[in-house]
Amino acid sequence: MKKIFKIALSVALAAVFMLGCTSAFAADLGETIKWTFKDSVSPIEYDVEYSYGGEVEVGETTVSSPGGGDYHSDHFYYVFNAENEGYYMLSFSGEYGNRYFEVADEITETGVKYEKERVYARPMDDEFLIEELYWFEAGETVVIGFTSHYNVVSMKDAYFEIEYYGEAVSLEYDKNTFKDIISYADYYYFEETKDEFITIDEVPVTVNFSQGQSLFLPYERLNLYYTGTPVEGANKLKFELFGIEETVDATLYSIHHYIKDVEITDEKDLTLFIGDTGKPSYSTVPAIELRITYADGSTELFNTGNGSHITLSNGREYVVYVRYMDKGDGNYTLHISVANVPYQEYPCTVREKTFADTLAELPEFISQLISDFFDKILNAFLSIFGGLR
């Protein structure tokens with residue numbers, strides 16, 4: 001790849017050499033390269049002209065548009081020669097949607113064609129700092145293109161830094177992440193695709209590098225590979241990150257390992273009343289009392305009106321999802337699932353509300369009015385006297 005770049009670059013700048021310039025990269029000659037981009041949603045390619053700005057080395061530097069303010073001068077490039085093999089962190093004081101940079105390691109006779117794949121990009125929680133990690137071979141030459149979308153003034157003395165990280169030497173993570181985890185909630189395994197791994201999202205991992213730097217990845221997605229189908233209980237799984245292979249002890253369960261059954265406690269929750277539209281009027285997240293039976297035979301009452309999460313013996317929270325579903329042709333069901341796994345689907349009765357139904361709802365209605373009344377009094381009291389000390 002390095003040879004391809006050098007040969008192509010020589011051809012692209014041959015005219016500059018013939019002019020007798022003392023440097024192959026002299027900004028005052030106004031040499032440019034064409035950078036070919038591919039549209040993200042279509043196969044259409046388009047070209048942007050970049051002006052040469054200079055060379056950069058490991059360490060802090062400033063980069064500036066050489067053109068002085070017109071639109072095209074705010075697309076410019078620098079050249080970097082990687083002395084050592086390993087990871088390099090590139091940092092730029094830009095604003096997302098305003099200033100950014102691209103890295104390419106191949107050009108053709110007509111310009112830059114391919115962008116280099118980055119290993120890591122810093123989450124966009126700071127719009128004034130862009131950080132991207134790349135792997136460069138020893139002696140590799142890359143083009144770094146800088147862009148500013150606004151042409152009021154050209155980019156002047158923007159902060160840019162290249163830091164050599166070396167090789168990744170170790171990973172730090174909480175091994176309890178893989179203990180007592182539940183399928184379809186803590187991890188995903190798509191049996192129908194015959195994948196040879198399970199996937200766990202948002203695992204915090206710290207990567208340590210040979211030059212002393214560390215990189216914290218708060219939301220890493222890990223694919224953990226296995227031999228054969230994973231079993232209920234203990235498993236040995238492997239994953240690879242930054243070229244480092246790790247073997248972990250994982251205990252994998254379905255939700256049925258913890259919860260045997262979920263049932264409603266009141267049959268009235270299976271009656272839906274026809275509203276003004278001629279269809280049932282109901283809440284998609286109804287307040288319903290459930291009886292949860294655990295694997296050891298113990299039971300617990302769970303009211304969805306008080307929240308939708310339940311904590312199991314593994315110390316993790318899982319969603320208890322209850323909703324009414326329109327099955328078509330006037331048929332409705334009450335659907336109950338835990339940790340994304342269905343437990344029950346009860347057929348519902350749909351009918352007009354009678355006077356007896358209204359009377360049956362009266363005690364609950366009065367109780368709710370009283371509760372709301374005292375809540376308002378408490379809130380008013382706190383708003384008046386809460387700030388007094």
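Trainee: Which residues does Phe209 touch, not counting residues up to four places away in sequence?
Mentor: First, some ground rules: residues are numbered from 1 along each chain as its sequence is written, and the side-chain values use heavy atoms, with hydrogens and water left out. This is a predicted model, where local features need pLDDT of at least 70, side-chain atom pairs count only at pLDDT 80 or more, and totals for chains, interfaces and linings use all residues. Contact means heavy atoms within 4.5 Å. With residues up to four places away set aside, Phe209 touches Tyr87, Leu133, Tyr165, Gly166, Glu167, Ala168, Val169, Ser214, Leu215 and Phe242.

Trainee: Which residues touch the most other members of the largest nonpolar core?
Mentor: A nonpolar core is a set of buried Ala, Val, Leu, Ile, Met, Phe, Trp, Tyr and Cys residues joined through side-chain atoms within 4.5 Å. Buried means under 20% relative accessible area, exposed is over 50%, and partly exposed is in between, using a 1.4 Å probe and protein chains only. This core has 31 residues, and those touching the most other members are Leu133, Phe178, Phe209, Leu224, Phe239 and Phe242.

Trainee: Which strand gives the most to this core?
Mentor: Helices (H or I, at least four residues) and strands (E, at least two) are DSSP runs, numbered from the N terminus. The elements that give two or more residues are S5 (86–92), S13 (168–172), S15 (197–209), S16 (214–225), S17 (233–241) and S18 (244–253). The top contributor, with 6 residues, is S15.

Trainee: How many residues of strand S10 are buried?
Mentor: S10 spans residues 130–136 and is mostly covered. The count of buried residues, out of 7, is 5.

Trainee: Which residue in S10 stands opposite Tyr88?
Mentor: Two strands pair if DSSP finds at least two bridges between them. S5 and S10 pair in the antiparallel sense over 7 bridges, and S9 (residues 120–121) also pairs with S10, antiparallel over 2 bridges. The bridge partner of Tyr120 in S10 is Leu133. Opposite Tyr88 you'll find Tyr134.

Trainee: Which residue in S25 is the bridge partner of Arg323?
Mentor: S24 and S25 pair in the antiparallel sense over 8 bridges. The partner of Arg323 in S25 is His335.

Trainee: Is Ser337 buried or exposed?
Mentor: Ser337 lies in strand S25. Leaving aside neighbours within four places in sequence, Ser337 is in contact with Val319, Val320, Tyr321, Pro342 and Tyr343. The relative accessible area of Ser337 is 6%, so this residue is buried.

Trainee: What is the phi of Asp329?
Mentor: Asp329 is found in the loop between S24 (317–328) and S25 (331–338), and counts as exposed at 82% relative accessibility. Most residues other than glycine have a negative phi. Asp329 has a positive value, near 55°.

Trainee: Where is Asp180?
Mentor: Asp180 also has a positive phi, about 55°, although it is not a glycine. With a relative accessible area of 29%, Asp180 is partly exposed. Its place is in the loop between S13 and S14 (181–182).

Trainee: Which element has the lowest mean pLDDT?
Mentor: pLDDT is the predictor's confidence in each residue, from 0 to 100. The chain averages 79, and 72% of the residues score at least 70. Over residues 1–30, pLDDT stays under 50, and where pLDDT is low, the predicted coordinates should not be read in detail. S13 has the highest mean among the elements, at 97, while the lowest, at 30, belongs to helix H2 (residues 14–18).
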